[in-house]
Amino acid sequence: MALSSRAHAFSVEALVGRPSKRKLQDPREKAQPELREKEDGEEEEERWSGAARKKSEQPAEKLSKKEPSATAFSGCGGDGSSNESLEEEDAIQVELQGSELWKRFHDIGTEMIITKAGRRMFPSVRVKVKGLDPGKQYHVAIDVVPVDSKRYRYVYHSSQWMVAGNTDHSCITPRFYVHPDSPCSGETWMRQIISFDRVKLTNNEMDDKGQIILQSMHKYKPRVHVMEQDSRIDLCRIQSLPAEGVKTFSFKETEFTTVTAYQNQQITKLKIDRNPFAKGFRDPGKNRYQKKIRTAKREKNPKKKKNEYSLRGLWDYIKHINNQIIGGPEREERDQGIENLFKEIITGREEKVS
């Protein structure tokens, strides 16, 4: 039986068919938020990839600043050899010997005397080297470089060094001192204490003795250099150290100020107390007593001393006259006899007095 359109709208089939249509529409509605989530995820990935591209496009200067040591000791070979040499150089260690004494001077303000003839350093630089290849040959050298480009003066009422102005160190050619045992095997260097006690400092700019030339009233610091022997380089003929293959070490407590006379009395006292070559300044009373003993021994027999001086004076007078006279062989023989006679008299007098 056919129903009208109005009756069909309220029939059971119409009512049952509507939920199915709704069910078909539900998956589409659910799919829409999933698509939105995917789109959001793709946008985030694009953001992260863009940031990575920006980082990769940064200038190469930053990378070069972070890796300076990798090219500091690069060799002539490939990457493998340069890495091996870098590891070997990094393994070298230098320890300062007598660091406690250096620290005592540094706390006060170390001063080093420089003269035209040259003066040795005290304390001297003494080091111990570790990490060398026992089978290879090495050179060990030292130089003294300025700490800054300032000139200093000593203020007595405050016992301090103050900046007095700027200076130019380019007028002085830098020098370095090669240890006399160089070149030597790494095993020998590591077994001994390396001392630079023969280094001399001078303010003579025309020095030709190989001494280190410095300027007075300036601050300097010594540096120790360790380098492997290279047959292509002769250290005796070059004025500066090679730019590559050199390991350099310096110590803060070894900085000093150059002077022509000690300014700080505490430095003077400490050097007298600790320098083994300053014995004459430690016990002046004892030295005066020893000098009196020596003079007393000389004055024990003044008669002998007086006779000896009088005879010698007479002999010198006669000899002077004989030199002025020009005669024949007979006179020369006579003069020779007189000389022998006076010699016998002098020796006989000396034997009687003794």
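What covers the buried residues of helix α7 includes α5 (99-108) and β2 (111-113). In this predicted model, local features need pLDDT of at least 70 and side-chain atom pairs count only at pLDDT 80 or more, while totals for chains, interfaces and linings use all residues. Residues are numbered from 1 along each chain as its sequence is written, and side-chain values use heavy atoms, with hydrogens and water left out.

Helix α7 spans residues 265-274, and its buried residues are I267, L270 and K271; buried denotes under 20% relative accessible area, exposed over 50%, and partly exposed in between (1.4 Å probe, protein chains only). These three residues cover an arc of only 100° around the axis, and therefore lie on the same side of α7. The arc is that of the directions from the helix axis to the C-beta atoms. Exposed residues Q265 and K269 are carried on the face of α7 turned away from its buried side. At the N-terminal end, α7 is capped by N264, which has a side-chain oxygen 3.0 Å from the backbone nitrogen of Q266.

Helices (H or I, at least four residues) and strands (E, at least two) are DSSP runs numbered from the N terminus. The protein chain contains ten helices and 15 strands. Two strands pair if DSSP finds at least two bridges between them.

| Strand | Partner | Sense and bridges |
|---|---|---|
| β4 (residues 126-130) | β10 | antiparallel, two bridges |
| β11 (residues 200-202) | β12 | parallel, two bridges |

R126 stands opposite S195 in β10, and L201 stands opposite I212 in β12.

For the protein chain as a whole, 27% of the 354 residues count as buried. Among its contacts (heavy atoms within 4.5 Å) with a separation of 6 or more, 73% involve residues 24 or more positions apart. The chain exposes about 25,700 Å², of which carbon and sulfur atoms supply 50%; accessible areas come from the Shrake-Rupley method with a 1.4 Å probe, and for residues only the protein chains shown count as cover.

Note on methods: A polar contact is a pair of N or O atoms within 3.5 Å; within protein, one must be able to donate a hydrogen and the other to accept it, and residues adjacent in sequence count only if both atoms are side-chain atoms.
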